[in-house]
Amino acid sequence: MSVSIGSKAENLKHLLDAGLNVPKFYLIPTDTNLENVKIQAKVQADFEKWMLDNDISSAAVRSSSTYEDTKESSFAGQFKTILNVRNGVDLVKALREVLAAEPSQTYSDKKGIVNAVVQEFIEPDIAGVIFSVNPA
């Protein structure tokens with residue numbers, strides 16, 4: 001995988017390749033024209049087929065950018081995530097929101113490409129973030 005897919009998507013792929021249990025996911029490139037009716041219908045149909053084929057009831061739509069989390073910088077928590085996406089119509093709405101969010105647009109203008117990861121949503125019992133190094 002090329003780094004142009006975004007570090008989040010690339011890291012998910014590395015974890016999957018290493019045999020770790022990673023929630024199912026796929027990438028929607030930022031240049032996907034959601035204003036085109038045919039493309040929009042295909043994105044919706046592909047999503048609903050993916051959910052059915054993988055027995056998924058809900059998805060998360062998350063940003064994945066080329067410089068989001070690297071050795072040089074971290075933009076953790078600054079991008080948009082939409083949870084509990086359950087159908088193709090809501091997927092398109094979520095994609096528009098994630099890709100058009102102010103942090104994503106500002107970042108794209110300055111740093112690089114922002115794509116969207118569509119990932120199986122697993123309802124957590126407990127969730128959080130831990131830093132092993134002072135992020136500041």
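Residues 24 or more positions apart supply 69% of those contacts in the protein chain whose separation is 6 or more. The structure is a predicted model, and its protein chain contains four helices and four strands, which follow one another from the N terminus in the order α-β-α-β-β-α-α-β. Of the 136 residues of the protein chain, 36% count as buried, while the chain exposes about 8,600 Å², of which carbon and sulfur atoms supply 54%.

**The sheet**

- The four strands make up an open sheet with the order S1-S4-S2-S3, and the pairing within this sheet is antiparallel.
- Strand S1, at residues 25–28, and strand S3, at residues 81–85, are the edge strands, each of them pairing on one side only.
- On average, and with direction ignored, neighbouring strands of the sheet are turned by 25° against each other.
- Strand S2 (residues 59–65) and strand S4 (residues 114–120) run antiparallel and are joined by seven bridges; in this pairing, valine 61 of the chain stands opposite valine 118 in S4.
- As a general point, the strands of a sheet pair through backbone hydrogen bonds, and they do so in either a parallel or an antiparallel manner.

**Helix H1 on the sheet**

- Helix H1, which covers residues 7–17, packs on the sheet and touches S1, S2 and S4, with its direction making about 115° with that of S2.
- The buried residues of H1 are Ser7, Lys8, Ala9, Glu10 and Leu12, and these buried residues pack against S1, S2 and S4.
- Glycine 19 follows H1 and has a positive phi, near 90°.

**Aromatic pairs**

- The structure holds two aromatic pairs, and one of them, formed by tyrosine 26 and tryptophan 50, is edge-to-face, with 4.9 Å centre to centre and 70° between the planes.
- This pair links distant parts of the chain, since tyrosine 26 belongs to strand S1 and tryptophan 50 to helix H2, 24 residues apart.
- Tyrosine 26 and tryptophan 50 are both buried.
- Ring pairs join Tyr26, Phe47 and Trp50 into a cluster.

- Serine 58 is located in the loop between helix H2, residues 37–53, and strand S2.
- Serine 58 counts as buried because its relative accessibility is 3%, where buried means under 20% relative accessible area.
- With its neighbours within four places in sequence left aside, serine 58 is in contact with Met51, Asn84, Val85, Arg86, Glu120 and Phe121.
- Asparagine 84, one of these contact residues, also makes a polar contact with serine 58, in which the two side chains are 3.0 Å apart.

**Asparagine 84**

- The phi of asparagine 84 is near 60°, which is a positive value in a residue other than glycine.
- For comparison, most residues other than glycine have a negative phi.

- Aspartate 53 has its place in helix H2, and it is exposed because its relative accessible area is 51%, with exposed meaning over 50%.
- The side chain of aspartate 53 is joined to the side chain of lysine 49 by a polar contact of 2.5 Å.
- Aspartate 55 is found in the loop between H2 and S2, which is also the loop that holds serine 58.

Definitions and conventions:
Residues numbered from 1 in each chain as written. Predicted model: local features only at pLDDT ≥ 70, side-chain atom pairs only at ≥ 80, totals over all residues. Heavy atoms only, no water. Pairing = 2+ DSSP bridges. Helix = DSSP H or I, 4+ residues; strand = E, 2+ residues; numbered from the N terminus. Axes fitted to C-alpha atoms, helices over the stretch in contact; angles between N-to-C directions. Contact = heavy atoms within 4.5 Å. Buried < 20%, exposed > 50% of the residue type's maximum accessible area, 1.4 Å probe, protein only. Polar contact = N/O pair within 3.5 Å; in protein donor to acceptor, adjacent residues only side chain to side chain. Areas by Shrake-Rupley, 256 points an atom, 1.4 Å probe, with all protein chains shown as cover. Phe/Tyr/Trp six-rings, centres within 6.5 Å; stacked < 30°, edge-to-face > 60°.
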